[in-house]
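Subject: Structure for you to look at

Hello,

Here is the structure I said I would pass on. Please open it before you read the notes below.

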Amino acid sequence: MNKILLIIQREYTTRVRKRAFIVMTLLVPALFGGMFATISYLANNKNQTIHIVNVIDNSHQFQDKFKSTKTLKFQNTNKPLDSIKASLNDDDIVLMIPEGKNDTAELFARKKNTLALSDEIQQQMNNIASNESLVKMGIDTARLHSVKSNIVLKTREMTAEGDKSANIGSAYALAFAGAILIYMSLFIYGAQVMRGVIEEKTSRIIEVIVSSVKPFQLMAGKIIGVGLVGLTQFALWIVLSYLVGKLLGQNGASQSSTFKFVQTMASSAGYELACFGFYWLTGFLLYSALFAAVGSAVDSETETQQFMFPITLPLLFTYILSVSYLFQAPDSTLAVWLSIIPFTAPVAMMVRVPFHVPGWQLGLSMGLMVVTFIFCTYIAARIYRVGILMYGKKASFKEMAKWFFYKE
């Protein structure tokens, strides 16, 4: 045990003292503050381009009925289409409305327009056409619009402590952030373990180290040491990001909707943060054991590709599904199974946790994560003990399977 602690201390102190660790620890909160300060500034200082919309209305149905907005200024014209095209500016548009009963109009511009711009014009045309149809049917549009309601739906969550705001936006943001952080950090810190093993193996330092400690102790110490570095960095990011947020808030930036949203999200993240810590740690331990086994089996980082893809495929598959499907259906059968299977659970469960996972599913998932980590560490350790002393031989999955059955 003392030898493992010494290896952990060596790995931890060596990596924490590196300039890259210090730079990244300070840089991420600074980028976080800069990002939200920029968003806040842009949200409060919108310098949007004004587009001149030249309306050629051959149907005479929409004449003088368009309403100009902050970004669109409508003006009627009787000039031929070709003439307007020749003198059109980059930010201006020509709206060509055909004669007679036609449900299709055309927009001409020198560059591609945004979807929001074309949607705004289309919405105004639909409203004008609908109002004209109502008038022809003898319906008073003024009275019709006067009785229209503007209902705002506020979602409430029923809990044992009473009803509270559901904060759906915060839940989605937490799910998205948790999935991304888990996915990226498992790759980043797992790769650090693998590179460390390869460096020690190629420099032959490993031969000196294993003369005084067992290969399992060395692997366990390396994994735990890098894991503690990751946890330290995450803890510093959270504290420094909070301090940066407070500093920006004192300068008045907290009045923007962006900062209010971030503060709301942070205030409801205690339970999610605890789950994130558990799944990050167990996921890191699980995948780092496999990365360490791969690192011990090869002589250079370029040889790791054939082993890395099968190992990381479950994470990649779950991350893609999270972005495209799981966010919309966190309680679906697929989401439940992915959050229980240990190799996909770290990412999938981060998507589901903000939407309150049933206790038995969370407990089963956590239990399987621990059991699978222990089992995979045992397998990886048996491969590691042989692989770290193998040089100049191309490893394969078949060869690694043989190493597993080698006697001590």
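Is Asp 64 buried or exposed? Asp 64 has a relative accessible area of 63%, so it is exposed. Keep in mind throughout that this is a predicted model.

The loop with Asp 64

Asp 64 sits in the loop between S1 and S2. Its phi is positive, about 60 degrees, although Asp 64 is not a glycine. His 60 is in the loop between strand S1 (51-57) and strand S2 (72-76). For His 60, too, phi is positive at about 60 degrees, and His 60 is not a glycine. The relative accessibility of His 60 is 62%, and therefore His 60 counts as exposed.

The nonpolar cores

The largest nonpolar core holds 66 residues. The residues with the most contacts inside this core are Ile 182, Leu 218, Ile 223, Tyr 279, Phe 284 and Tyr 384. Helix H10 (residues 270-297) supplies the largest share of the core, 15 residues. If neighbours within four places in sequence are left aside, Ile 223 is in contact with Val 193, Phe 284, Leu 285, Ser 288, Ala 289 and Ala 292. Another core, of 13 residues, lies apart from the largest one. Its members include Val 53, Phe 74, Ile 121 and Met 125.

A nonpolar patch on the surface

Some nonpolar side chains are on the outside. Val 23, Met 24, Leu 27 and Leu 31 make a nonpolar surface patch of about 340 Å². Leu 31 belongs to helix H2 (residues 19-44). With a relative accessible area of 52%, Leu 31 is exposed, because the cut-off for that word is over 50%.

Thr 232

Thr 232 is found in helix H8 (residues 215-250). Its relative accessible area is 21%, so Thr 232 is partly exposed. The cut-off for buried is under 20%. The side chain of Thr 232 reaches the backbone oxygen of Leu 228 at 2.7 Å. Leaving aside neighbours within four places in sequence, Thr 232 is in contact with Tyr 12 and Phe 21. Thr 232 and Thr 25 are 207 residues apart along the chain, and 9.3 Å separates their C-alpha atoms.

Regards

Methods
Residues are numbered from 1 along each chain as its sequence is written. This is a predicted model: local features need pLDDT of at least 70, side-chain atom pairs count only at pLDDT 80 or more; totals for chains, interfaces and linings use all residues. Side-chain values use heavy atoms; hydrogens and water are left out. Patches are made of residues with over 30% relative accessible area and no salt bridge: like charges are joined within 9 Å, nonpolar side chains (Val, Leu, Ile, Met, Phe, Trp, Tyr) within 5 Å. Accessible areas come from the Shrake-Rupley method with a 1.4 Å probe; for residues, only the protein chains shown count as cover. A salt bridge is a side-chain nitrogen of Lys or Arg within 4 Å of a carboxyl oxygen of Asp or Glu. Helices (H or I, at least four residues) and strands (E, at least two) are DSSP runs, numbered from the N terminus. Buried means under 20% relative accessible area, exposed over 50%, partly exposed in between (1.4 Å probe, protein chains only). A nonpolar core is a set of buried Ala, Val, Leu, Ile, Met, Phe, Trp, Tyr and Cys residues joined through side-chain atoms within 4.5 Å. Contact means heavy atoms within 4.5 Å. A polar contact is a pair of N or O atoms within 3.5 Å; within protein, one must be able to donate a hydrogen and the other to accept it, and residues adjacent in sequence count only if both atoms are side-chain atoms.
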